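Please consider the ligand site of the model shown below, together with several individual residues of its chain.

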Amino acid sequence: MSETIFSKIIRREIPADIVYEDENVLAFRDIHPQAPVHVLFIPKQPVPTLNDATPAHAELLGRLMLAAAGWAKSQGFADDGYRVVMNCNRDGGQTVFHIHLHLLAGRAMHWPPG
Ligand code: 5GP
């Protein structure tokens, strides 16, 4: 189904700065970081957008969140805080159609987001 640049990163066909991997999830640093820490947590199983998620993906979506929180704790900034974001389609600002959780940290985040 959805073949994107992230599928190539999963298959190690293009390089990425991978910081975390488990059976279901891969995480790597964003190529255009928007904060001192900017990591993308992606499911190895491609799902184009959050709109395409079904109840069958509920565990996978939970695993993405838990992987991000676990990695934040392992890096020592979890207590200071961080933000996780999933963009969806045009108005959400999604550009890569393989769902991913942005983890942003290392500075105070603004609200409302732009
Ligand atoms: P979106 O805009 O879809 O929410 O987020 C896609 C993110 O993927 C962007 O922040 C963009 O910088 C990042 N990105 C796009 N292509 C690559 C790539 O080849 N390698 C890495 N590491 N990040 C990428």
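**Basis of the model**

This is a predicted model, in which local features need pLDDT of at least 70 and side-chain atom pairs count only at pLDDT 80 or more, while totals for chains, interfaces and linings use all residues. Residues are numbered from 1 along each chain as its sequence is written, and side-chain values use heavy atoms, with hydrogens and water left out.

**The ligand and its shell**

The ligand is surrounded by 16 residues, of which the closest are D30, N87, T95, H100 and H102. By class, the shell holds 7 nonpolar, 7 polar and 2 charged residues. In this scheme Ala, Val, Leu, Ile, Met, Phe, Trp, Tyr, Cys and Pro count as nonpolar, Asp, Glu, Lys and Arg as charged, and the others, Gly among them, as polar.

The space taken by the ligand is the largest pocket. On a 1 Å grid over the protein atoms alone, a pocket is an open set of points with protein on both sides within 12 Å along at least five of seven lines. A molecule sits in a pocket if more than half of its atoms lie within 2 Å of its grid points.

The elements that give two or more residues to the shell are α1 (5-10) and β2 (25-29). The largest share, 3 residues, comes from α1. Helices (H or I, at least four residues) and strands (E, at least two) are DSSP runs, numbered from the N terminus.

H100, one of the closest residues to the ligand, is placed in the loop between α3 (89-92) and β5. H100 counts as buried because its relative accessible area is 6%, buried meaning under 20%, exposed over 50% and partly exposed in between (1.4 Å probe, protein chains only). A polar atom of the H100 side chain lies 2.7 Å from the backbone oxygen of H98.

L101 belongs to strand β5 (residues 101-105) and, at 4% relative accessibility, is buried. Its C-alpha atom is 4.9 Å from that of M86, 15 residues away along the chain. M86 lies in the loop between β4 (83-85) and α3 and is partly exposed, at 23% relative accessibility. L101 and N87 are 14 residues apart in sequence, with 8.1 Å between their C-alpha atoms.

**Other positions along the chain**

Which class of burial applies to A78? A78 is buried, since its relative accessible area is 19%; its place is the loop between α2 (58-75) and β4. From A78 to R63 the separation is 15 residues in sequence and 17 Å in space, C-alpha to C-alpha.

H110, in the segment after β5, is exposed because its relative accessible area is 59%. H110 and A27 are 83 residues apart in sequence and 24 Å apart in space, C-alpha to C-alpha.

**Backbone geometry**

Most residues other than glycine have a negative phi, and most peptide bonds are trans. R12, a residue other than glycine, has a positive phi near 65°. R12 is placed in the loop between α1 and β1 (18-21) and is partly exposed, at 45% relative accessibility. N89 is likewise not a glycine and has a positive phi of about 60°. N89 lies in helix α3 and is partly exposed, with 31% relative accessibility.

The peptide bond from W111 to P112 is cis, with omega near 0°. P112 lies in the segment after β5.

Technical notes
A residue is near a molecule or strand if one of its heavy atoms lies within 4 Å of it. On a 1 Å grid over the protein atoms alone, a cavity is a set of points where a 1.4 Å probe fits but cannot get out, and a pocket is an open set with protein on both sides within 12 Å along at least five of seven lines; lining residues have an atom within 4 Å of a point. A polar contact is a pair of N or O atoms within 3.5 Å; within protein, one must be able to donate a hydrogen and the other to accept it, and residues adjacent in sequence count only if both atoms are side-chain atoms.
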